[in-house]
Amino acid sequence: MRLVILGGPGAGKGTQARQLCRQLNVVGISTSDMLRQAIASQTELGLEAQPYVEKGELVPDEILIEFMRQRLLQPDVGNGWVLEGYPRTAFQAEELDFLLEELEQRLDWAIYLEVLEAVMVSRSSGRAYTPEGMVPTRDLRPDDQPEILQRRIGVFSDRIPTLLEYYGYCQRLLTINGDQSPEQVQQHILQKLGI
Ligand code: AMP
């Protein structure tokens with residue numbers, strides 16, 4: 001099965017993608033993990049991507065499209081994949097379809113994890129209200145700082161309508177309420193996939 005997971009910062013893309021890979025026994029490919037690793041090891045891709053990631057802006061399409069092309073030509077993807085954080089623009093979505101056509105493959109579904117902006121902010125800011133007050137829930141990354149996070153959410157909100165339109169038009173869109181426990185979200189995804 002070939003799936004893409006769409007959703008804003010903190011929507012739960014990573015968690016759901018990991019579970020789906022396990023369930024379906026396919027490879028998971030996360031653009032944000034790939035970029036963060038490339039930046040940490042200062043590879044050519046990392047050096048190119050770093051200024052964009054640090055500002056919360058999208059890395060230019062041509063860089064990501066070429067990188068994903070190389071990745072999806074690797075032998076380990078034969079059984080299928082789950083892409084997390086890709087595509088993020090209509091151009092990336094179209095290019096992904098062109099590549100799949102060339103490979104005589106097809107995307108099965110685009111899964112959109114829908115959550116309110118307030119949920120994205122509270123999950124990504126790594127803190128939660130508890131009876132003891134605000135407590136940290138995870139380590140913050142540099143681009144989770146409030147100003148940058150707000151820009152990432154803004155970029156996501158600008159781009160997502162076109163992506164939803166694209167996959168909706170091709171009848172490959174599954175929208176899931178992401179504002180539930182990770183287990184419930186997973187259950188709904190599997191139900192909609194008929195698994
Ligand atoms: P995320 O953690 O998924 O919000 O991604 C972190 C950052 O990685 C984003 O703010 C972008 O700078 C970059 N990024 C990840 N995926 C893409 C993509 N498909 N296209 C462009 N930039 C991306």
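Here's a walk through this structure, from the overall fold to the ligand site.

The model is predicted, with local features needing pLDDT of at least 70 and side-chain atom pairs counting only at pLDDT 80 or more, while totals for chains, interfaces and linings use all residues. Residues are numbered from 1 along each chain as its sequence is written, and side-chain values use heavy atoms, leaving out hydrogens and water.

Start with the chain itself: eight helices and seven strands, counted as DSSP runs (H or I of at least four residues for helices, E of at least two for strands) and numbered from the N terminus. Its C-alpha atoms fill a box of roughly 55 × 40 × 30 Å along the principal axes.

Now for the ligand. Its shell holds 17 residues, the closest being Thr 31, Arg 36, Glu 57, Gly 85 and Arg 88; a residue is near if one of its heavy atoms lies within 4 Å. Helix H2 (residues 31-40) gives the largest share of that shell, four residues.

Next, the polar contacts (pairs of N or O atoms within 3.5 Å). An N or O atom in the Arg 88 side chain is 2.5 Å from an oxygen atom of the ligand. Over at Gly 85, a polar backbone atom lies 2.9 Å from a ligand nitrogen atom. Ser 32 brings a polar side-chain atom to 3.3 Å from an oxygen atom of the ligand. As for cover, the protein takes up 97% of the 480 Å² of accessible area that the ligand has on its own, going by the Shrake-Rupley method with a 1.4 Å probe.

Notes
A polar contact is a pair of N or O atoms within 3.5 Å; within protein, one must be able to donate a hydrogen and the other to accept it, and residues adjacent in sequence count only if both atoms are side-chain atoms.
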